[in-house]
Amino acid sequence: MADFAAEIAPILQKGDVVTLMGDLGAGKTAFCRALVNALSPEPVDVPSPTFTLVQVYDLPGLSLWHFDLYRLEEKEGDILELGWDDARRFGAALVEWPDRLGSLLPKDRLEINIAFEDDSENVRIVELAPKGRMAERVKEVIA
Ligand SMILES: Nc1ncnc2c1ncn2[C@@H]1O[C@H](COP(=O)(O)OP(=O)(O)O)[C@@H](O)[C@H]1O
Ligand SMILES: [Mg+2]
């Protein structure tokens with residue numbers, strides 16, 4: 001997961017949205033932790049924002065806004081209050097449980113699906129599904 005996040009990190013730009021899908025314990029937060037650390041010169045503690053709902057990391061070159069919307073009902077007002085617009089104006093957004101975004105879900109996004117591997121506790125299957133303008137940029141990573 002750390003290696004994968006390190007490949008994604010350099011392609012991220014201000015205004016981007018990365019959505020993370022997968023069951024509880026799949027590794028959405030683990031991916032975000034690895035991504036923050038891939039952009040940071042110093043090791044950074046990245047807790048799950050289960051209760052704060054959003055955590056901001058000002059990193060060299062990019063601010064990352066890490067959202068965990070699990071505890072939100074689908075209410076656009078609540079998401080806007082968490083700083084949804086600022087996230088993309090001043091940085092890039094990483095979103096766990098993006099289904100809560102409802103109509104705020106941007107059409108340009110990098111969707112990442114993480115699934116458990118049946119036979120092995122520590123193996124995950126990661127699917128990249130870039131949408132809209134993210135598609136071109138992600139091609140370079142996959143190639
Ligand atoms: N290959 C892997 N990728 C990500 N997490 C893994 C992997 N193997 C084991 N894990 C463990 O699975 C758990 C994932 O938890 P977490 O990232 O909090 O999940 P989520 O945010 O999707 O609920 C962590 O305890 C992590 O150490
Ligand atoms: Mg999580």
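Which side chains does a polar contact of 3.0 Å join? The side chains are those of Arg-109 and Glu-111, and the legends below visit them along with several other places. This is a predicted model, in which local features need pLDDT of at least 70, side-chain atom pairs count only at pLDDT 80 or more, and totals for chains, interfaces and linings use all residues. Residues are numbered from 1 along each chain as its sequence is written, chains are lettered from A and ligands numbered from 1 in the order in which they are written, and side-chain values use heavy atoms, with hydrogens and water left out.

**View 1. Arg-109 and its contact with Glu-111.** Arg-109 lies in strand S5; strands (E, at least two residues) and helices (H or I, at least four) are DSSP runs, numbered from the N terminus. With a relative accessible area of 12%, Arg-109 is buried. Here buried means under 20% relative accessible area, exposed over 50%, and partly exposed in between (1.4 Å probe, protein chains only). A polar contact is a pair of N or O atoms within 3.5 Å; within protein, one must be able to donate a hydrogen and the other to accept it, and residues adjacent in sequence count only if both atoms are side-chain atoms.

**View 2. The surroundings of ligand 1.** Among the residues that surround ligand 1 are Met-1, Asp-23, Lys-28, Glu-96 and Asn-122; a residue is near a molecule if one of its heavy atoms lies within 4 Å of it. Oxygen atoms of the ligand meet the protein in several places: one is 3.3 Å from a polar backbone atom of Ala-26, one is 2.9 Å from a polar backbone atom of Gly-27, and one lies 2.9 Å from a polar side-chain atom of Arg-124. Taken alone, ligand 1 exposes 570 Å², and the protein buries 65% of that (areas by the Shrake-Rupley method with a 1.4 Å probe; for residues, only the protein chains shown count as cover). Helix H2 (28-39) and strand S6 (120-131) are the elements that give two or more residues to the shell, and H2 gives the most, with three.

**View 3. The largest pocket.** Its volume is about 170 Å³, where a volume is the space filled by probe spheres set on grid points joined across faces, edges and corners. On a 1 Å grid over the protein atoms alone, a pocket is an open set of points where a 1.4 Å probe fits, with protein on both sides within 12 Å along at least five of seven lines; lining residues have an atom within 4 Å of a point. Of the 13 lining residues, Leu-24, Gly-25, Lys-28, Thr-29 and Glu-96 are the closest to the centre of the pocket. H2 supplies the largest share of the lining, three residues.

**View 4. Asp-16 and its partners.** Look for Asp-16 in the loop between helix H1 (2-8) and strand S1 (17-21). At 0% relative accessibility, Asp-16 counts as buried. The side chain of Asp-16 reaches the backbone nitrogen of Gln-13 at 2.7 Å and makes a polar contact with the side chain of Arg-137, also listed at 2.7 Å.

**View 5. Lys-107 in its loop.** Lys-107 sits between strand S4 (92-96) and strand S5 (109-117), and is exposed, with a relative accessible area of 67%. Lys-107 and Gly-132 are 25 residues apart in sequence and 6.2 Å apart in space, C-alpha to C-alpha.
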